[in-house]
Structures are given as structure tokens and as C-alpha cells.
Amino acid sequence: MATAHRIAVIGGGPGGLYAAALLKRLDPAREVTVWERNAPDDTFGFGVVLSDETLGGIEHADPAVYAALQAEFVRWDDIDIVHRDRRHTSGGHGFAALGRRRLLEILHERCRGLGVELRFRTEAPPAAELSTAYDLVVAADGVHSLTREAHADVFRPSLTTHRCRYIWLAADFAFDAFRFEIAETEHGVMQLHGYPYSHDPDASTVIVEMREEVWEAAGFAELDERESTERCAKIFADALGGRPLRGNKSAWINFRTVVNDRWSHGNTVLIGDAAHTAHFSIGSGTKLAVEDALALAACLREQPDIPSALTAYETERRPVVASTQRAARASLEWFERLPDHLDQPPRQFAFNLLTRSRRVTHDNLRLRDAEFTRAVERDFGCPEGTPPMFTPFRLRDLTLRNRVVVSPMDMYSAVDGVPGDFHLVHLGARALGGAGLVMTEMVCVSERGRITPGCAGLYTAEQAEAWRRVTDFVHAQAPGTAIGVQLGHSGRKGSTRLMWEGIDEPLPDGNWPLDAASPLPYKPYSQTPRELSRAGLTEIREQFVAAARRADLAGFDLLELHCAHGYLLSGFLSPLTNHRTDAYGGSLRARLRFPLEVFDAVREVWPDGRPMTVRISATDWADGGTTAADAVEIARAFAAHGADAIDVSTGQVVSDERPAFGRSYQTPYADRIRNRTGIPVITVGAVSSWDDVNSLLLAGRADLCALARPHLYDPHWTLHAAAEQNYAGPGVSWPVQYRAGSRRPQTGRTDAPKPRLTLGG
């Protein structure tokens, strides 16, 4: 056990108090002191929600606290979503809440009973001062942490202020469910988040939230607390049954996401909101703080010294917190974009709201509330026993038997642009694997338009014949699977090494000249491309046309135009890569001109009954680049010219991008395009499970889901998804040679993890 005889805790919120109680309980001889600048009964907010997982940790670590909490909890299972006078209820969610003031009282009593010194109405000395007199300093001083600010050079915090304003209020009655209610006012959309937290007396937390511009238009900036409270009660009178709301030093604030590069400095450690924040819409602030306290106490017991304990604590908690923050950000941004979803059918809207953070999914919602989920599936058009991913989707004369797409993946394995045995086996295996649509890698329209010497092409008859061998195999051996070709030109990102020899690195020799919208190298050491002249633009447009004709002869079912990832056509779309001063540069309309000319020329020669899609980068992940709003207009432009769907990717346009990676991280861009324009979309990017696919489809965020790396890991990903869901229907077909393997193999036993910290009563 790490030696920590004297411990100082800055901040008397739930995280700081619980840490103090646990650390004292682990070693009663310790001197533990908590500084709290407010009075014991001062608190912001009203109710606190804790998950069963967090409560389980408390039960094992401190049965006395758990028993006290159990006696106070209000429990409920339902979530009500009210949208345009329609209420949909989903059950089985399992919430527990209590008043924040009562939670603090329980923790105060526990700390006093254990001998923790509580100093209320007392400003804590600076952490730097405490760290010399105490063995350990626990900084639980909240989102506005003075400790974090004083040592910002070490913790390196990043604070992001978000677009919505919200206010914490309370009502003196108990909702019978967690309630979300949407109000469409003359000023814009407002939303209510409400939940019960007490039955003695009855009380509920009510949070009212809206975008900043709506808040300003509604005049809330000029209202005091009482006036804001009365106004909110009037707006949400139906939800409140005409009852009033009350505040508690309540003010309109913008949520702030806190991230720190480090959580400890010497013997000082951050926990709770001082270290990280997560949006209230997933109810995680107090939960994270309590779990931090549990982990810190456990690491101090397990590790030989304080530095090792603090390192272990951060190592353990950081991935959990990062995952929670990603989910919280997804939820926060969903509410920021709430107007995009208001025209969805009410039940689909409810499902979309429930699954917004990706923590609740189609599969676990089906377990929680099978009746509600089945109703959503029926609305979507799922026959009985058919998961959403195995419903058909039509694009012109092509009907895909399911919603799974093998995403284009460059293989860099062609010789002189000719696809060989590798491509036959690679694409053939994935076609046999059950996907509705298998896409080729980016197939280059000219030798000069290759990314690497290993790129496949469609600029010779020999290449077209080789591709015909692949499409014939797919159509003969995997009937029901369509195969599409993605046509593109490398632009300024060409003449580079094979990916595994150095991605985006110039060739050591044998380089060819590059063409681009503007003479800007991709990386400082990359080759500088030539700016295309009018004659050059015409030549490349005709290369796309010739390649499209060969794609038709080669037997492809669908053609996708690659306008993403910084390649030639993408380079025209982004203001970061298009600095032209002629008719092809400047405004977004002008930057669209050449990609649309290419699209129109290809569409003219591509058979009318066969669909064309366009892949775009919906953001450049860089200041001054393509924005989400631009992406909507780009999608509209291509759809107006005849695109049947937009394949929504992001980034790879500039080398200094800063992408926000995470599960399904590109889907919000597809969602925005689909729900603002009505254009079918393909989502791609870290969609890895069949549960994700079903969830995204049912929520109306995408029409098709493209998966890349999962298909590298498992060529038969779609077949296995069917087996794991016990599905055997027209949406997927096992090759006769493989049918003996169509049932999921038995697996060994898996034990659940043990509680993080277990102490006797």
C-alpha cells in the first residue's frame, strides 16, 4: 500500500467527499482533511442520477454508504419522449436518483463517522502549498478548478465551450419517467430534460436547453432567474401539468468539456470535473467523479508508492473517461443539431434520441424494451425476424439485398494498373461473405493519376478485361451481391510509395508529374503539382469518361466518383487546396464546377439504369477548410446533377488535419446530409459491429453502412452477422459450399470482471 499518512482534499462535492471517506476507511490512522468553500447545505442543481454499475462499485467498497443511498433512491425504468404532441415510452432502462443535497448529507455523515475533518466555508490553500505539508493532495475542485488553472503548464487542459445554453431548475412533483420534451417555438427549438429525484417530498430535476441563437432570440439574456424560471414553466406547461418551476441560484450557462493531458503533478491528482467533464445528457458527471474516487483508493492500496498509484489510477481511468466523453459529445452534438431530426416520424425520432450517444443500441434496446423496438422495426419496414441491416435498398434499377457495403480499400497490388489474382481473391472472398455491395479500391483513370505504382486502373483495354474476370466471378459465384467501381485521380497525392513502404512518401525514383487544382504540395517534402489549365481539365474529364465506358464493359453494377480524401476532384472542392482565381476557384459554387463537369460527363455515358454515387470529405478537420454546412451544399449539388447517394467520409485533404476519431465518428456528417436534404447516404468510418449498423439504419442516420477494416479482419463479416442474429432470409445467402458453417461455433465460458474495490462492512 502506498504510504499517505496525511491527505488533503480540495472540494467537498460528491467525488471529493467519497474519496476522503474511502481513503480514511482504507487506513483509519490517516489524517484526511476536506476543504469546501461553501456551507454544508449549499449546492447547485437538484437531482443526481447514478448507474447500476456505479452503485455496484459503491456497494462493494462501502456497504454503509450504499445502504444509505438505497434508502433514498427514487427508481424508475421508463423514458418518455414527447415530440409534436406524440409521446413514445421506452422501458427497461433502470435509473436511480436522489437529491444532490441528500447525497452530500450522506457523504458528510460518513466522513464524520470515519473521522475525516470537514472544513466548510473555508477556501483551501493552494495545491502547491498543501503538497509540501501533505503526502497526497486530491483536487476535486470542479469544472472551474483553481488547481488545474494554477498548474496548467503541467496538466495542459483543453476547454471547449459548446453551442447550447441550459439552466438547472426543479419542479415540486415527480415525473413518472425520464422525460424529454421538444418545444418548437417562434424563436427556435427548445428541449426539456426532466427526471424525478425525490418522493418525500415529490420533486424532479428540470433542465431546459437550447442553442445560443435561440436563447438570444427568445430574450432570455435580459431575464433574471425568476423571470427565466417563469418563462420556462410557461413554455413547457404541458410537460409540467401547469405547475411552476423553481431555481437555486440558477443561471444560464454553456456546457464546457474539460480534457487534460495529465491528471497528476507530483503528489497532486485531479479527479471528477477538475480532470474531465461529460455532458449532463448522459448523466455522467457525478458517476465519473465517484468512479474516479473508487479507482484512486484502489490504486493507493495496490501500489507501493504514491507516484506508482497515481500513474496506475490515470492509466486505468483515462480510457474509460475518454469513452464516456466520446459518448457524451455525441449526445451533446445530437441535441445541438436537434432541428435536423424534427421531421422524422415520431417513433423513429424517439429511437434516434435514445441511441444518440451510441451507448444504447438496437440490440440492447431490444433486450430492454422488445415491444418498442419491434414497433420501430415495423415502421422501418423490417419483416418479422429480419434485422434492419438485412432489408433491401434500391438505387435506380439496382436493388441491394442488404445495407452492408464493403468500403473501397486501396490494395496497391496491381501491376501496370492491371488487377490480378489478388484482386480476384480479395473482392471475390468479400462478395462470398454476404455484403449487399462490394466496392473496388479507387481505380485510377490514367497512369499519371495513380497514387502508387501498385494502383489499379481502367485506362487500358487489358485492365478492363481483368476487371471483367472479377465481376464475372462475383455475379456467378455470389448471386445477389453487387459490385461497384470507384473511379478517381490521385491529384497532388500521387507518385508515392506503396502504403506499407511509407504512406504518402514520395517514390525514391521513377516519379511522375502531378496535376492538381493549385500548385500546393501535400506535405512540405512532397512534389509540387502543376496547376491544371483548361486543356488539362478537359483531358482529365475525358479520361474519366473513357474509364466509365470501360467500367460498363467490365460489368460493374454501380459507379462511384471519388471526390474525397484530397485526391484530384476533392482538391477542387476544398478552399485549403483550391486557390484558383479563374472560374474553377473562389466560391463553393465555383469550386464545385469541375467536379460537377466530370460527374455530368460520366453520368452521360454510364447506363441510365445503373446508379452513381459520390464520395466526399464532409470536413477537412482543419481551420478554413470544408465545413459540415459546405458538405450539405456539396451533396445537394451532386444530387441535383443525378447522384443517387452520397458516400460521406471526412478528412485526408491536408496533412495537418486534426480528426476527432471515435466509434462511428463520421456518421454525424452523413446524418446531417440525409436529414437536411433527403438524399440517400452511405456512412463510413469506425462502424464495426452489426449492432452499430442496425442502430444507425433504424435511427435514420444512414441508408447504407460501409465497413472497411472489419472486412479485412473477417471477409465473411456479413454472413457471421446473420448467424449471430439467427437470421436466415433473403437478405443474405450462404454459399452452398459454406452452409455447414452457418451456425455460430460454441465458445468457452467468460467470467465477468470482479468489483474494483471490496472492503468489509
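Helix H12, residues 306-336, comprises 31 residues and spans 42 Å from its first C-alpha to its last, close to the 45 Å expected at 1.5 Å a residue (the expected span being 1.5 Å times one less than the number of residues). Helices (H or I, at least four residues) and strands (E, at least two) are DSSP runs numbered from the N terminus. At Arg317, H12 bends by about 30 degrees, and Pro319 follows within four residues; the bend is the angle between axes fitted to the seven residues ending at a residue and the seven starting there.

The model is predicted: local features need pLDDT of at least 70 and side-chain atom pairs pLDDT 80 or more, whereas totals for chains, interfaces and linings use all residues. Residues are numbered from 1 along each chain as its sequence is written, and side-chain values use heavy atoms, without hydrogens and water.

Strands S3, S7 and S4 form an open, antiparallel sheet in the order S3-S7-S4. Strands S3 (47-50) and S4 (74-76) stand at the edges with a single partner strand each, so one side of each has no neighbour in the sheet. Pairing requires at least two DSSP bridges between two strands. S4 and S7 (residues 95-99) pair over 3 bridges, and Arg75 has Ala96 in S7 as its bridge partner.

Thr54 lies in helix H2, residues 52-61. Thr54 is buried, with a relative accessible area of 1% (buried is under 20%, exposed over 50%, partly exposed in between; 1.4 Å probe, protein chains only). Beyond neighbours within four places in sequence, Thr54 contacts Lys287, Val290 and Glu291, contact meaning heavy atoms within 4.5 Å. Thr54 and Lys287 are 233 residues apart in sequence, with their C-alpha atoms 6.5 Å apart.
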